[in-house]
Amino acid sequence: MLAPATLRIRRGTEADLPRVHELIVELAVYERAPEEVTNTLADMRRDGFGPQPIFGFFVAETAEQGILGIALFYTAYSTWKGRMLYLEDLVVTEAARGTGIGRKLFDAVVAEARRTGAHRLKWQVLAWNEPAIGFYKRIGANLDPEWHNGNLTAADLQAYACDPTVVAAVEL
């Protein structure tokens, strides 16, 4: 168990990305889909620290153990509510789960949502991930059973038949 005084939550930096990527892979293994991780360090550097950053993250670390968890988020927009923050992933390394790190990372994302004027914070949790579902229920989150998730993979996007006139308008 970690002593709470030794844990530090801070904004992630570009130097953190190798460890962040390791945690993403660890999460994919836990979620039974390690082959699905196609994101690279180069992608993450471009997308998080390039000229137009599209995500941010917080890390939980100790001086002794380094980064033990991350919360990766981005700004999204709701046509009904306006600005919102989307928590893409909250990952705590397996050995440190149950120590309160996840709650502290979640608190950081809530604070970021407040700081940026977000009207909503959204995320997803797999239906079989009982520990995560329990965590979200304990903090009072609403887990909405009415919505289904839509998704097109990279291959689906390439195979999708777009109206050529629409494509031409977008490419202007």
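Mentor: Let's start with a term: buried means under 20% relative accessible area, exposed means over 50%, and partly exposed lies in between, with a 1.4 Å probe and only protein chains counted. The model is predicted, so local features need pLDDT of at least 70 and side-chain atom pairs count only at pLDDT 80 or more, while totals for chains, interfaces and linings use all residues. Residues are numbered from 1 along each chain as its sequence is written, and side-chain values use heavy atoms, without hydrogens or water.

Trainee: What makes Phe 58 and Phe 73 a stacked aromatic pair?

Mentor: Happy to show you! Rings of Phe, Tyr and Trp (its six-membered ring) pair if their centres lie within 6.5 Å; planes under 30 degrees apart count as stacked, over 60 as edge-to-face and the rest as tilted. Phe 58 and Phe 73 are 5.4 Å centre to centre with 25° between the planes, so they count as stacked. Phe 58 and Phe 73 are both buried.

Trainee: Why is the pair of Phe 106 and Phe 135 called edge-to-face?

Mentor: The centres of Phe 106 and Phe 135 are 6.3 Å apart and the planes 85°, so this pair is edge-to-face. Both residues are buried.

Trainee: What makes Arg 32 lie over the face of Trp 128?

Mentor: A charge sits over a ring if NZ of Lys or CZ of Arg is within 6 Å of the ring centre and within 35 degrees of the ring normal. Arg 32 is at 3.9 Å from the ring centre of Trp 128, and Arg 97 lies over the face of Tyr 30 at 4.8 Å.
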